[in-house]
Amino acid sequence: MAELVDSEHSRVAFVTGAGQGLGKAIGLALAQAGHSVVFADIDADRAEAAAGDVGPAALGVSVDVRDRASVEAAAERARNRFGPIGILVNNAARTVAQPFAQLTETEWDDVFAVNLRGILLTTQTMVPDMVDAGWGRIINLSSLAGQRGGPQVQGAHYASSKAAIIGLSRYIAHEYASYGITANVIAPGPILTEATALAPKDKLDLLASQIPVGRFGAARDVGALACHLASTAGAFITGATMDINGGLQMR
């Protein structure tokens with residue numbers, strides 16, 4: 001096992017869905033902040049490529065967050081390389097755009113398996129490291145879709161799972177607060193990623209015009225917020241849902 005850096009400011013971070021998009025941006029931001037980062041993704045090539053952008057302080061691993069054995073194996077690889085996991089970012093998600101009346105049970109269950117069961121399995125697997133250390137950060141990615149719902153999102157299964165993440169995170173925050181562990185939610189609104197960039201320009205321009213700040217967010221904006229929540233400065237923030245949507249929804 002690699003020798004650990006004895007510093008409260010340097011931790012091992014495990015980020016799911018980190019092969020691209022927001023997950024990769026969060027992983028890169030955490031690495032820049034001085035943490036050892038595990039880029040975990042169901043696509044092994046993407047995970048390894050993302051880790052390669054960082055260097056020796058990063059590891060790319062393949063993981064299927066729906067499967068406990070896969071999660072446990074990935075966590076063990078992370079521990080063998082860097083040591084106990086102190087920061088967990090649950091970003092892995094999926095959806096298939098589908099009108100409510102046409103949703104099948106299989107589609108519903110598969111979206112919930114990735115978006116919600118994945119958080120159950122990763123947290124159960126990695127929170128013991130945090131309990132032992134008396135310090136931990138759990139950051140779960142929800143979405144504006146989980147707050148607003150409506151036809152603009154990619155299906156009721158996606159919106160429902162993202163809403164459920166907020167409730168689950170509050171429960172985790174309550175149960176583990178006394179161990180020095182925080183659990184928070186980031187709820188992004190319109191963020192420009194590889195996926196959104198593929199949308200027609202006229203639709204992107206129309207949506208941007210509806211955002212009070214007049215533009216889409218950048219993936220690095222979400223990375224910066226995750227870094228704050230993962231830091232020692234974020235110790236008094238737990239059970240919170242942090243909106244990052246340019247004012248598209250204000251509370």
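Visitor: In which strand does Thr 182 lie?

Guide: In this predicted model, Thr 182 belongs to strand E6, residues 181-188.

Visitor: Is Thr 182 buried or exposed?

Guide: Burial is read from relative accessible area, with buried meaning under 20%. Thr 182 has 5% and is therefore buried. Leaving aside residues up to four places away in sequence, Thr 182 touches Gly 136, Arg 137, Ile 138, Leu 229, Gly 234, Ala 235, Ile 237 and Thr 238.

Visitor: How do the axes of helices H4 and H6 cross?

Guide: Angles under 35 degrees count as roughly parallel. The axes of H4 (residues 105-133) and H6 (residues 156-176) come within 9 Å and cross at roughly 20°, so H4 is roughly parallel to H6. The crossing is right-handed. By class, their contact comprises 14 nonpolar, five polar and two charged residues.

Visitor: How many aromatic pairs does a search of the whole structure find?

Guide: The search finds two. Ring planes under 30 degrees apart count as stacked. Trp 108 and Phe 112 form a stacked pair, 4.9 Å centre to centre with 20° between the planes. Because these residues are four apart in helix H4, about one helical turn separates them. Trp 108 is partly exposed at 30% relative accessible area, whereas Phe 112 is buried at 19%.

Visitor: What describes the pair of Tyr 176 and Tyr 179?

Guide: That pair is tilted, with 5.9 Å centre to centre and 45° between the planes. Tyr 176 is buried, with a relative accessible area of 19%, while Tyr 179, at 39%, counts as partly exposed.

Definitions and conventions. Residues are numbered from 1 along each chain as its sequence is written. This is a predicted model: local features need pLDDT of at least 70, side-chain atom pairs count only at pLDDT 80 or more; totals for chains, interfaces and linings use all residues. Side-chain values use heavy atoms; hydrogens and water are left out. Axes are lines fitted to C-alpha atoms, for helices over the stretch in contact, and angles run from 0 to 180 degrees between N-to-C directions. Helices (H or I, at least four residues) and strands (E, at least two) are DSSP runs, numbered from the N terminus. Angles under 35 degrees count as roughly parallel, over 145 as roughly antiparallel, 65 to 115 as roughly perpendicular and the rest as oblique. A crossing is left-handed if the near helix is turned anticlockwise from the far one by less than a right angle, and right-handed if clockwise. Ala, Val, Leu, Ile, Met, Phe, Trp, Tyr, Cys and Pro count as nonpolar, Asp, Glu, Lys and Arg as charged, and the others, Gly among them, as polar. Buried means under 20% relative accessible area, exposed over 50%, partly exposed in between (1.4 Å probe, protein chains only). Contact means heavy atoms within 4.5 Å. Rings of Phe, Tyr and Trp (its six-membered ring) pair if their centres lie within 6.5 Å; planes under 30 degrees apart count as stacked, over 60 as edge-to-face and the rest as tilted.
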